[in-house]
Amino acid sequence: MHSSLDLFQTAHAMARHAGARQAVVAQNIANADTPGYQAQHIAPFKDVFRTHANAEIRATRDGHMTSTGQIAMDAVAMASKAEPSPNGNTVSLEEEMMNSIAVGREHNRALTIYRHTMTILRTSLGRN
Amino acid sequence: MTDFSEAMSVATSGMKAQASRLRHVSENIANSDTPGYQRKVVAFEEMVERGRRTGAVAAGPVRLDQTELTRVYDPSNPLADDTGHYDGSNVNLLLEIADAREAQRSYEANLKMFDQVRQMSSALMDLLRN
């Protein structure tokens with residue numbers, strides 16, 4: 001754990017992912033009444049992280065940089081489940097509210113993991 | 001951090017747009033008895049900056065509703081023609097109230113979003129503090 005600090009990188013990626021997702025949700029809510037607007041979304045962290053882990057660049061030496069902690073986070077148009085409103089808008093405010101809460105919790109979780117990892121490190125250094 | 005500030009500015013743009021919509025609704029309601037008044041409508045559009053969509057929203061140009069004006073029968077009115085009718089406004093109060101309520105809901109959603117982003121960024125700040 002102490003040599004690579006993977007946990008920090010994962011927590012970092014998760015917090016960044018939550019931030020990016022929140023930005024997209026904010027965009028959707030702001031455009032909830034814009035005619036013809038297509039709702040956007042970012043895939044959940046577990047999917048993004050898994051696809052990234054499969055396509056991981058292999059490092060041949062310890063010092064080499066790998067791309068851990070940098071995951072693809074592009075907003076894509078959401079496949080609309082519900083009927084679009086008469087003006088062609090596909091945003092559902094209720095769904096976006098749910099997403100926003102989920103994202104808030106994801107962010108909190110990431111920060112908690114980060115804080116606890118830090119505590120473990122401090123403990124092992126004997127500065128608790 | 002840029003995600004957060006971006007989300008905040010987008011939520012702010014949403015609140016601004018809804019507020020301007022609400023302003024036009026109140027103009028319409030205030031003028032519902034003005035002879036010859038055509039109700040104003042605003043459509044929202046996505047903002048584009050340097051050819052790139054920012055995701056923010058803005059109230060578009062004001063247009064006048066072209067539906068026919070109501071004919072009011074009042075022979076004593078100075079504006080009345082030979083048949084005793086004059087042109088009223090085409091404001092439908094029920095429509096305006098519904099519009100105002102929708103604007104309020106969307107405004108609240110944007111405000112909620114702003115608050116959520118603020119909480120997230122302050123949680124991040126707390127992490128740095130201790």
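Helices and strands are taken here as DSSP runs, of at least four residues for helices (H or I) and at least two for strands (E), numbered from the N terminus. On this basis, the elements of chain A in the predicted model follow the order α-β-α-β-α from the N terminus on. Of its 128 residues, 27% count as buried. Contacts in chain A between residues at least 6 apart in sequence are formed, in 76% of cases, by residues at least 24 apart.

In chain B, strand β1 (residues 40-49) and strand β2 (residues 52-64) run antiparallel and are joined by 8 bridges. The hairpin of β1(B) and β2(B) has 2 residues between the strands, and B:Arg50 adopts a positive phi near 50 degrees.

Helix α1 (residues 2-30) of chain B packs against helix α2 (residues 93-129) of chain B, with the axes 9 Å apart and at an angle of about 160 degrees. Because angles over 145 degrees count as roughly antiparallel, α1(B) is roughly antiparallel to α2(B). The crossing of α1(B) with α2(B) is left-handed. The residues of this contact comprise 18 nonpolar, 7 polar and 3 charged.

Conventions. Residues are numbered from 1 along each chain as its sequence is written. Chains are lettered from A and ligands numbered from 1 in the order in which they are written. This is a predicted model: local features need pLDDT of at least 70, side-chain atom pairs count only at pLDDT 80 or more; totals for chains, interfaces and linings use all residues. A residue is buried if 20 or more other C-beta atoms lie within 10 Å of its own, exposed if 12 or fewer, and partly exposed in between; C-beta atoms are placed from the backbone. Two residues are in contact if their C-beta atoms, placed from the backbone, lie within 7 Å. Two strands pair if DSSP finds at least two bridges between them. Axes are lines fitted to C-alpha atoms, for helices over the stretch in contact, and angles run from 0 to 180 degrees between N-to-C directions. Angles under 35 degrees count as roughly parallel, over 145 as roughly antiparallel, 65 to 115 as roughly perpendicular and the rest as oblique. A crossing is left-handed if the near helix is turned anticlockwise from the far one by less than a right angle, and right-handed if clockwise. Ala, Val, Leu, Ile, Met, Phe, Trp, Tyr, Cys and Pro count as nonpolar, Asp, Glu, Lys and Arg as charged, and the others, Gly among them, as polar.
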